[in-house]
Amino acid sequence: MSLQFYKPNHKSTGTACSFWRNSEDNTFWASLIKQESWNAKTKTGSFSKNKDNPKKRAIVKFSDLEIAAFIDAIERNVEYSGYHGSQKQIVKFNFKPYVKNDEQLGFSLAVNREDKEDSTDKQNYLIGFYYPEAMRLKIYLQTILMESYKVEYNPQKSSPKEKSEDYDF
């Protein structure tokens with residue numbers, strides 16, 4: 001189960017965004033894909049050609065605390081920023097109120113990815129979530145976070161050594 005948002009525009013600068021939980025290893029992910037084209041006749045955008053292009057898409061892994069921070073940012077109407085560094089790249093993300101012409105319309109997510117060896121190799125992604133979309137995102141994130149805890153703390157998955165009599169309380 002994933003939650004997807006498609007935000008194409010006539011300038012072909014839109015973004016598609018998807019959030020999901022990998023149930024096999026209990027991890028949280030988001031992907032952002034740049035818009036590839038715009039069909040003026042049907043007024044639709046296409047993202048499919050960029051889904052496998054590493055220069056046009058970003059995939060970000062989030063911790064459970066980061067998922068909780070997104071939920072908290074929506075509930076308290078505040079900004080949340082994070083940073084992930086690996087041997088190959090640096091990823092910065094920012095989730096904050098989406099304000100246009102001094103009026104808040106919802107929230108926005110910006111993701112910036114930079115190659116560690118080539119600082120000119122950068123990709124920037126931005127997507128806005130109007131209030132109803134932010135509510136969907138919040139509910140979805142709460143759901144996958146709760147699902148992750150059910151799996152993580154499932155008593156049926158405990159090993160026989162983890163019985164209460166083995167601990168000095």
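1. From the N terminus on, the elements of the protein follow the order β-β-β-β-β-β-α-β-β-β-β-α. The count is two helices and 10 strands, where helices (H or I, at least four residues) and strands (E, at least two) are DSSP runs, numbered from the N terminus.

2. The model is predicted: local features need pLDDT of at least 70, side-chain atom pairs count only at pLDDT 80 or more, and totals for chains, interfaces and linings use all residues. Residues are numbered from 1 along each chain as its sequence is written, and side-chain values use heavy atoms, with hydrogens and water left out.

3. Of the 169 residues of the protein, 34% count as buried; buried means under 20% relative accessible area, exposed over 50%, and partly exposed in between (1.4 Å probe, protein chains only). The protein exposes about 11000 Å², and carbon and sulfur atoms supply 50% of this area. Accessible areas come from the Shrake-Rupley method with a 1.4 Å probe; for residues, only the protein chains shown count as cover. Among contacts (heavy atoms within 4.5 Å) between residues at least 6 apart in sequence, 48% join residues at least 24 apart.

4. Helix α1 (residues 64-76) has 13 residues and reaches 18 Å from its first C-alpha to its last, close to the 18 Å expected at 1.5 Å a residue. The expected span is 1.5 Å times one less than the number of residues in the helix. The buried residues of α1 are Glu-66, Ile-67, Ala-69, Phe-70, Ile-71, Ala-73 and Ile-74. Just after α1, Asn-77 takes a positive phi of about 60 degrees.

5. Leu-141 belongs to helix α2 and counts as buried because its relative accessibility is 0%. Leaving aside neighbours within four places in sequence, Leu-141 is in contact with Phe-19, Ile-67, Phe-70 and Ile-71; Ile-67, Phe-70 and Ile-71 are among the buried residues of α1. Leu-141 and Asp-64 are 77 residues apart in sequence and 9.7 Å apart in space, C-alpha to C-alpha.

6. Ser-148 also lies in helix α2 (residues 131-152). With a relative accessibility of 2%, Ser-148 counts as buried. Not counting residues up to four places away in sequence, Ser-148 touches Arg-21, Asn-26 and Phe-28.

7. Asn-26, a contact of Ser-148, is found in the loop between β2 (15-22) and β3 (27-34). Its relative accessibility is 18%, and Asn-26 therefore counts as buried. Phi of Asn-26 is near 60 degrees, a positive value in a residue other than glycine. Most residues other than glycine have a negative phi.

8. Lys-43, in the loop between β4 (37-39) and β5 (44-46), has a positive phi of about 55 degrees although it is not a glycine. Lys-43 counts as exposed because its relative accessibility is 62%.

9. The largest pocket has a volume of about 300 Å³. Of the 14 residues that line the largest pocket, the closest to its centre are Lys-7, Tyr-98, Leu-126, Ile-127 and Gly-128. The elements that give two or more residues to this lining are β8 (89-100), β9 (103-115) and β10 (122-130), and β10 gives the most, with five residues. On a 1 Å grid over the protein atoms alone, a pocket is an open set of points where a 1.4 Å probe fits, with protein on both sides within 12 Å along at least five of seven lines; lining residues have an atom within 4 Å of a point. Grid points are joined across faces, edges and corners, and a volume is the space filled by probe spheres set on the points.
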